[in-house]
Amino acid sequence: MAAAGRKPLVKDFNHFITCYLCRGYLIKPTTVTECLHTFCKSCIVQHFEDSNDCPRCGIQVHETNPLEMLRLDNTLEEIIFKLVPGLREKEEQQELDFWKKNQPRENGQENARRQRIGLPDVRGDYDDGGGDGDDGGDEDCHRSDPQIAICLDCLRNTGQSGETSVTDLMKRFIRCSSRVTVGTIKKFLSLKLKLPSSYELDVLCNGEIMGRDHTLEFIYMTRWRLHGENTYPMVLEYRPRIDFG
């Protein structure tokens, strides 16, 4: 009777809220849609660098690109943060510390390089993502989030004829929240390029098409930063969507 009336402890739920790969609490829990197993986002992405199989059950997630079969579980994330005191604050602080440590240093290195070859500092050419000349009013626009700088380049040689709507942006450099997704970048491009709502774009990093749910932080950590020759800011390319059938 005493056991039946015992108040549940966090450890009673550990089987459901810990990552099979790192054994820690699930951070940005991400589910494999083929088998519904959930892992930390960074853990499963790193695993898929070497394997296309689920690390828990062993089924093949996708023949070529298992990252397309991942989905963030925001509901589970909120449950974990409510169950584990202080976990949200700890993760947010670690994220802020990382960007404070890395972004200013890389930004400064890039500015120094540009000055040596006679180009202006990167911060002078940035678009804040808003309308031309608008100050944004009282909207925060996620400026309290960790910020990241990106360069948006137009890919012209797509092998398609008659594609004249997709052109270079007037301002290619953008500074925005690191939590912005590729889907938001596509909407931004459509707005700036005045594309019809039905027009589809691909966004690529290092020649690889990025999923619409990928955040800029995720792309920077898993696609851009891993290439030692890459400089700051991160370069994303866009083109008309290619249907491979």
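The legends below describe close-up views of one predicted model.

The model is predicted, and local features are given where pLDDT is at least 70, side-chain atom pairs count only at pLDDT 80 or more, and totals for chains, interfaces and linings use all residues. Residues are numbered from 1 along each chain as its sequence is written, and side-chain values use heavy atoms, with hydrogens and water left out.

**View 1. The protein chain as a whole, with its helices, strands and surface.**
The secondary structure of the protein chain comprises 6 helices and 9 strands, where helices (H or I, at least four residues) and strands (E, at least two) are DSSP runs numbered from the N terminus. Of the 245 residues in the protein chain, 39% are buried, a term that stands for under 20% relative accessible area, with exposed meaning over 50% and partly exposed in between (1.4 Å probe, protein chains only). The accessible surface comes to about 14,800 Å², and carbon and sulfur atoms account for 50% of that area, as computed by the Shrake-Rupley method with a 1.4 Å probe. Among contacts (heavy atoms within 4.5 Å) between residues at least 6 apart in sequence, 62% join residues at least 24 apart.

**View 2. The largest pocket and its lining.**
The largest pocket has a volume of about 1,200 Å³; on a 1 Å grid over the protein atoms alone, a pocket is an open set of points with protein on both sides within 12 Å along at least five of seven lines, a cavity is a set where a 1.4 Å probe fits but cannot get out, and lining residues have an atom within 4 Å of a point. Grid points are joined across faces, edges and corners, and a volume is the space filled by probe spheres set on the points. The pocket is lined by 32 residues, and Ile27, Lys28, Lys41, Glu95 and Glu217 lie nearest its centre. Helices α2 (41–47), α3 (74–83), α4 (87–116) and α6 (216–224) each supply at least two lining residues, and α4 gives the most, with 7 residues. The lining divides into 11 nonpolar, 7 polar and 14 charged residues, where Ala, Val, Leu, Ile, Met, Phe, Trp, Tyr, Cys and Pro count as nonpolar, Asp, Glu, Lys and Arg as charged, and the others, Gly among them, as polar. At least three lining residues come from each of domain 1 (11–98) and domain 2 (147–157 + 165–240), with bounds taken from an automatic or database domain assignment.

**View 3. Glu217 in helix α6.**
Glu217 is buried, because its relative accessibility is 14%. Apart from its neighbours within four places in sequence, Glu217 is in contact with Lys28, Glu95, Trp99 and Ser178. Helix α6 is largely enclosed by the rest of the structure, because 8 of its 9 residues are buried; among them are Leu216, Phe218, Tyr220 and Trp224.

**View 4. Gln46 in helix α2.**
Gln46 counts as exposed because its relative accessible area is 57%. The C-alpha atoms of Gln46 and Thr222 are separated by 8.0 Å, although these residues lie 176 residues apart along the chain.

**View 5. The largest cavity and its lining.**
The structure holds 1 cavity of 30 Å³ or more, and the largest cavity has a volume of about 40 Å³. Its lining consists of Asn65, Leu67, Glu68, Glu208, Ile209, Met210, Gly211, His214 and Arg223, which divide into 3 nonpolar, 3 polar and 3 charged residues.
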